[in-house]
Amino acid sequence: MLRKPWYRRKRYVIPLLLVVLFVVAIGPWPADNTPYAEAGYFAETAGRIAPPSKASGQLRAGFAETDITPQVGHQLAGFSARDPFDSDSIFSRCFARALTLSVGDVEVTILAVDLLLVNEQVAQAVLEKSGLKAGGIFFTATHTHGGPGQWGAHPIEQIIIGDYDADYSDRLAADLASAVTASREQMVPVDLGLAKTDAPDGQVNRVDRARGTFDQLSALLFRHAGEPDAPPFAALVSYGAHATVSGHRSNAINADYPGALVDRLREATGTEHVMFAAGTVGDASPQRPQAATSEESAVKLGESLADELTKPVASADFQPTVTLANSYLPVDLPRVRVPVTAGLRLSPLSTRWIGPERSYLHVLRIGSALLIGFPGDYSGQLGTRLAGELVGNGVTAIPTSFNGDYLGYLVSDGDFYNAPKYETRVMNFYGPWLGPYLNDLAERMARGTLP
């Protein structure tokens with residue numbers, strides 16, 4: 001009797017089927033690394049870029065803040081390695097700060113929150129509770145890893161921000177919306193100034209320590225109109241270093257170094273209201289000054305950065321007439337592709353649920369400053385490229401992270417291919433071209449706000 005071919009024998013067939021099923025369901029699969037400029041999603045999205053809402057004249061501003069510090073015992077967001085997630089004390093309080101700006105019929109609120117990030121779920125709830133449409137709020141966060149968690153329902157979010165609590169998420173959105181609404185109720189005429197310096201000693205490149213970072217430390221300043229000797233009414237500060245100084249071993253509720261920076265700048269300059277937006281955090285870790293505790297180290301870093309801004313704030317020039325432009329763009333995304341290597345990916349059958357098919361970009365031109373909001377941990381390599389493309393137009397690019405959606409780490413194509421790290425593999429959900437793609441769109445949007 002003839003023997004069956006080996007591939008028809010049961011002892012081989014079942015393992016072979018299991019291998020095939022594993023590859024189909026899990027991977028690895030070949031990765032499609034087609035440059036974004038050759039992809040249909042780019043053409044579709046670029047074709048939707050429209051002229052921004054834009055007006056020039058007297059700038060008006062309103063500010064409000066709400067304390068969002070949770071009770072001790074509430075779980076903290078930021079580190080999957082934190083064990084337990086429960087907070088055990090309060091080192092510094094957390095706030096939601098809203099700054100509304102208007103010129104003519106153009107009005108927009110900048111909302112900066114002492115949270116790890118602002119996800120789509122919270123952002124949409126804030127818009128609904130504020131009665132505003134998409135584009136009416138420019139979202140950002142300080143990226144503190146010691147702030148409240150439990151506001152995200154996505155399974156991946158819960159690995160980092162704790163067990164989802166629907167009631168708490170709704171209350172948090174209501175608190176954020178109350179700050180937005182209050183900031184729109186009492187608007188005053190203001191002049192606009194810009195202070196900036198480089199602060200390379202505050203951060204280090206977390207992807208490649210031999211390489212530099214996007215070191216811009218900036219503050220948009222708003223001073224009561226007609227009061228040249230008065231301190232600023234409000235300031236929006238942005239810097240790139242991750243707010244992780246306190247570290248995963250701390251279970252204290254805290255705003256990390258941005259909280260200390262806000263307090264120190266307010267005290268040193270007399271500025272009435274200060275808020276902080278995370279900048280190019282995607283490849284920037286903080287330097288950690290020596291201190292008795294990690295929380296005190298965060299205070300030292302925040303205070304040193306505030307001190308570096310004090311002179312630029314004091315010498316800033318202010319303009320009475322300002323152009324305010326608001327550009328908001330829904331963005332079609334490439335398919336989710338979780339990388340194994342630069343050329344291999346996990347199966348789309350098991351990973352398509354990880355990320356959305358659409359996100360958005362938000363660009364505000366405020367005088368000579370371009371506030372550019374990205375949906376994720378935006379990297380300094382991309383920020384350097386973007387600022388370089390726009391610098392000849394007499395404007396300062398201020399890229400910020402966490403614009404009300406989250407797509408993971410937004411890195412350069414060079415880093416994706418050459419630096420297989422946490423940022424480019426574990427937390428990269430769309431492959432090598434998402435960062436450059438968003439940069440390209442942001443530059444086009446920014447140019448549309450210019451004269």
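Author: Let's start with helix α9, residues 380-390, where Gly380, Leu382, Gly383, Leu386, Ala387 and Leu390 are buried. Buried here means under 20% relative accessible area, with exposed over 50% and partly exposed in between, using a 1.4 Å probe and protein chains only. Looking down the axis of α9, the buried residues fall within an arc of 150°, so they line one face of the helix. The arc is that of the directions from the helix axis to the C-beta atoms. Helices (H or I, at least four residues) and strands (E, at least two) are DSSP runs, numbered from the N terminus.

A word on the source: this is a predicted model, where local features need pLDDT of at least 70, side-chain atom pairs count only at pLDDT 80 or more, and totals for chains, interfaces and linings use all residues. Residues are numbered from 1 along each chain as its sequence is written, and side-chain values use heavy atoms, with hydrogens and water left out.

What do the buried residues of α9 pack against? Their partners are the strands β18 (369-374), β19 (377-378), β20 (396-401) and β21 (409-410), plus helix α12 (434-448). Contact means heavy atoms within 4.5 Å.

The axes of α9 and α12 come within 10 Å and cross at roughly 25°. That makes α9 roughly parallel to α12; angles under 35 degrees count as roughly parallel, over 145 as roughly antiparallel, 65 to 115 as roughly perpendicular and the rest as oblique. The axes are lines fitted to C-alpha atoms, for helices over the stretch in contact, and the angles run from 0 to 180 degrees between N-to-C directions. From α9, the residues Leu382, Arg385, Leu386, Glu389 and Leu390 meet Gly435, Pro436, Asn439, Ala442, Glu443, Ala446 and Arg447 of α12. Sorted by class, this contact of α9 with α12 has six nonpolar, two polar and four charged residues. Ala, Val, Leu, Ile, Met, Phe, Trp, Tyr, Cys and Pro count as nonpolar, Asp, Glu, Lys and Arg as charged, and the others, Gly among them, as polar.

Now the ends of this neighbourhood. Serine 379 sits in the loop between β19 and α9, and at 0% relative accessibility it counts as buried. Leaving aside neighbours within four places in sequence, serine 379 is in contact with Thr280, Gly282, Asp283, Leu410, Val411 and Ser412. Phenylalanine 402 lies in the loop between β20 and β21 and also counts as buried, at 0% relative accessibility. Phenylalanine 402 has a positive phi of about 70° although it is not a glycine.

Another positive phi turns up at aspartate 256, near 55°, again in a residue other than glycine. Aspartate 256 lies in helix α6 and, at 5% relative accessibility, counts as buried.

That brings us to α6 and its packing. The axes of α6 (residues 256-269) and α7 (residues 294-314) come within 7 Å and cross at roughly 40°. That makes α6 oblique to α7, and α6 passes α7 in a right-handed crossing. On the α6 side, the residues in this contact include Asp256, Tyr257 and Leu261, while those of α7 include Ala298, Leu305 and Val313. By class, the contact of α6 with α7 has 12 nonpolar, three polar and four charged residues.

For one more pair, helix α3 (residues 120-130) and helix α5 (residues 166-183) pack at an angle of about 50°, with their axes 8 Å apart. That makes α3 oblique to α5, and the crossing is right-handed. Among the residues in contact are Val122 and Lys129 of α3, and Asp170 and Leu176 of α5. By class, the contact of α3 with α5 has eight nonpolar, four polar and two charged residues.

Two last stops. A cis peptide bond joins aspartate 83 and proline 84, with omega about 5°; proline 84 is found in the loop between β2 (53-67) and β3 (89-90). Isoleucine 156, in helix α4 (residues 155-161), counts as partly exposed at 24% relative accessibility. Isoleucine 156 and isoleucine 354 are 198 residues apart in sequence and 7.7 Å apart in space, C-alpha to C-alpha.

Conventions
A crossing is left-handed if the near helix is turned anticlockwise from the far one by less than a right angle, and right-handed if clockwise.
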